[in-house]
Amino acid sequence: MKLCKVIGFATASLKVEGFSPYKMVIVKSMDENGSPVGEPFLAVDTFGAGLSEVVAVATGAPAAHALPDKGLPVDAAVIGLLDHVSIYKKEIYSKHKEG
Amino acid sequence: MKLCKVIGFATASLKVEGFSPYKMVIVKSMDENGSPVGEPFLAVDTFGAGLSEVVAVATGAPAAHALPDKGLPVDAAVIGLLDHVSIYKKEIYSKHKEG
Amino acid sequence: MKLCKVIGFATASLKVEGFSPYKMVIVKSMDENGSPVGEPFLAVDTFGAGLSEVVAVATGAPAAHALPDKGLPVDAAVIGLLDHVSIYKKEIYSKHKEG
Amino acid sequence: MKLCKVIGFATASLKVEGFSPYKMVIVKSMDENGSPVGEPFLAVDTFGAGLSEVVAVATGAPAAHALPDKGLPVDAAVIGLLDHVSIYKKEIYSKHKEG
Amino acid sequence: MKLCKVIGFATASLKVEGFSPYKMVIVKSMDENGSPVGEPFLAVDTFGAGLSEVVAVATGAPAAHALPDKGLPVDAAVIGLLDHVSIYKKEIYSKHKEG
C-alpha cells in the first residue's frame, strides 16, 4: 500500500454508474521524512480523511475490495487512517499530535 | 485513479475484436499546479471528453469495469469528467470556468 | 494503453507452454512529439506490426484478453495498429504518410 | 517480487474490515549494493520481519494470495524473509551475518 | 513482458506455503543497448536461467500463470529464455554467441 498524505479533493458530476456514493481525495506518496513526493492521484475514500491526514492507499485491482461494490472501476482506495508511522525508530507522523 | 488532462486523440483501423465502438483519448497526468506531466497514454473514453478537459482515469485491470464488455484488453478508461479539483484549498481546475 | 513505437523483435526457443504461436515485438512508449522514451519492453503481437509502426499496447492483467488463450502469462499485448495520432490538434503520426 | 529492506512500521486504528490481525511494515526497494532506494511503501507482514531485515514483497493483485483471507484490499505483502542475496556472485546480504 | 538480464540469485528459508519448489533470480531491465537499468527485482524461475542470461519476465497478476500452482503470491516470473534480441535491426543479444 502506498503511504500517502491527503493534499486535496475532486468532484465529478459525470461519472460511471455506481460511483456516486463515493468521495475522491487527492493524495501524494510520502518520502521517509513525511514529505509528499511524486505525482498526485485520486483515491476513493470511505473514511472521511481530512486535508493533511496520512492514509494507507491500496492501488490496482485490490482497491475495489475496499468498497461494498466490487465491480466498480476503482484502482486506488483509502484502506485506513494511520495513527503512527515510524522510520528507523523515529516517529515521522502521529495522528494525535497533528490532529 | 489518475488525475489527467486530455491532450489528444488516436484512431486505429486494425484493432482487437470488440474495440470498435470505443474512442481513445490521449491523456497525461497532472501535477499539483494542473500542468500535464510524464508520458502520454491512451484511455478508452465513453464520456466524450474534449481537448484540455480534466478527467479521472482508472488504470490496470479495474479499467475494464468502466465498459459494458468486461472482456476487452483495456488497461485505462476515463471514469468521470471532473468538475472541481482543489489542492490545499486552492482550486486548480473548475470545469465551468474553463469550459 | 501505452502509445508505443515498435523498435525491435525478440525470439525465444525455451518458453512457457502455449506461447509458441505468438511473436514478440520490442516497443517503447512515445512522448508527445512521437519520440520513443523510457525502457524498451516486450509485447505479444498478433497484428504483424512492423519496425517503427505505432501501436496501442495493453499492459498488466488485461493484456491476456487480446489473445485467444486467456491463461497465458502475458502482461503486454499489441491491441491495435494506430492510423492517426494527434496531440493538441497537431498530427504526430499518420500511418499512411509513414508507411 | 521486490527485493526490499524493512525501514519502519505503521499502525492504523481506523481501517477496512478484516485488516486488524495484520501488521504493516514500511519497506524500500534495494539497489544492487543493498542500499534502499525509491519511495517507501507499506506491506502486510505475517512473518514478523524486524527492522533492516531483507524481504521479498509481492505487489499488486498477487499480494492477497499471501494471506488466508483473499478478499482484502492488499496490494503488497511480505512473502519471505531472505537468507542470502548475491549479485554477480558477490553476497550483498546474509541474514546470519547481519542478524 | 520485461526484457531482463539475470544479475543474481536469492534464497529464503522462511516463505509462504507452496513457494519451496521455486528458485528466485534477481533481474534488471535492459535498455536498447543491452545494459541493465533500473532497480533489480526478484522473479520466480522455472527455466534454470544462468547469470547474465537474457530472459522475458511477466509481471503482475499474469506472472502466476507461468507456474503450475496459480494461487501463489507471485508478481514476476521468467516466461522464456531469449535467443535473439534485435533493436532497429541491430542484434543486441544472441544466446549462442554469449553462451
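**Note on a predicted five-chain model**1. T59(B) is partly exposed, because its relative accessible area of 21% falls between the limits of 20% and 50%. The model is a predicted one, and the remarks below should be read accordingly. T59(B) belongs to strand β4 of chain B, which covers residues 54-59. Once neighbours within four places in sequence are set aside, the contacts of T59(B) are D75(A), K2(B), F41(B), D75(B) and A76(B). One of these partners, D75(A), is in chain A, whereas K2(B), F41(B), D75(B) and A76(B) are in chain B. The C-alpha atoms of T59(B) and I79(B) are 9.9 Å apart in space, with 20 residues of separation in sequence.

1. Is K5(B) buried or exposed? K5(B) counts as buried, because its relative accessibility is 15% and the limit for burial is under 20%. The residue sits in strand β1 of chain B, residues 2-15. Beyond four places in sequence, K5(B) touches I26(B), V27(B), K28(B) and M30(B), and also G34(B), P36(B), S52(B), E53(B) and V54(B), among others. The list of its contacts also includes Y88(C), a residue of chain C.

2. S29(C) is placed in strand β2 of chain C, which spans residues 23-30. The relative accessible area of S29(C) is 6%, so this residue is buried. Which side chain makes a polar contact with that of S29(C)? The partner is E39(B), and the polar contact between the two side chains has a length of 3.1 Å.

3. A64(E) lies in the loop of chain E that runs between β4 (54-59) and β5 (76-87). With a relative accessibility of 10%, A64(E) counts as buried. Apart from neighbours within four places in sequence, A64(E) is in contact with D69(E), K70(E), L72(E) and V74(E). A separation of 17 Å is found between the C-alpha atoms of A64(E) and G48(E), which are 16 residues apart along the chain.

4. Y88(A), although not a glycine, has a positive phi of about 45°. Its place is the loop between β5 (76-87) and β6 (90-94) of chain A, and at 42% relative accessibility Y88(A) is partly exposed. K89(C), likewise a residue other than glycine, has a positive phi near 70°. K89(C) is in the loop between β5 (76-87) and β6 (90-94) of chain C. Is K89(C) buried or exposed? It counts as exposed, at 77% relative accessibility.

5. Concerning the arrangement of the chains, chain E is superposed on chain D by a rotation of 72° with 0.0 Å of shift along the axis, and the RMSD is 0.0 Å. That is the relation of a five-fold axis. Chain A can likewise be laid on chain D by a turn of 72° and a shift of 0.0 Å along the axis, with an RMSD of 0.0 Å. In this second case, 4% of the contact residues of chain A recur in chain D, and the copies use different surfaces. For chain E, only 3% of the interface residues are also interface residues in chain D, so the copies meet through different surfaces.

6. Some pairs of chains do not touch. Chain C and chain D share no contact, and their closest C-alpha atoms lie 9 Å apart. Chain A and chain E share no contact either, with their closest C-alpha atoms 9 Å apart.

7. The second largest pocket has a volume of about 400 Å³. Which residues of its lining are the closest to its centre? They are A61(A), A61(C), A61(D), H65(D) and A61(E), out of 28 lining residues. By type, the lining of the second largest pocket consists of 19 nonpolar, five polar and four charged residues.

How values were computed
Residues numbered from 1 in each chain as written. Chains lettered and ligands numbered in written order. Predicted model: local features only at pLDDT ≥ 70, side-chain atom pairs only at ≥ 80, totals over all residues. Heavy atoms only, no water. Least-squares fit on C-alpha atoms with pLDDT ≥ 70 in both. Contact = heavy atoms within 4.5 Å. 1 Å grid on protein atoms, 1.4 Å probe; cavity = no way out; pocket = protein on both sides within 12 Å on 5 of 7 lines; lining within 4 Å. Points joined across faces, edges and corners; volume = space filled by probe spheres on them. Nonpolar A, V, L, I, M, F, W, Y, C, P; charged D, E, K, R; others polar. Helix = DSSP H or I, 4+ residues; strand = E, 2+ residues; numbered from the N terminus. Buried < 20%, exposed > 50% of the residue type's maximum accessible area, 1.4 Å probe, protein only. Polar contact = N/O pair within 3.5 Å; in protein donor to acceptor, adjacent residues only side chain to side chain.
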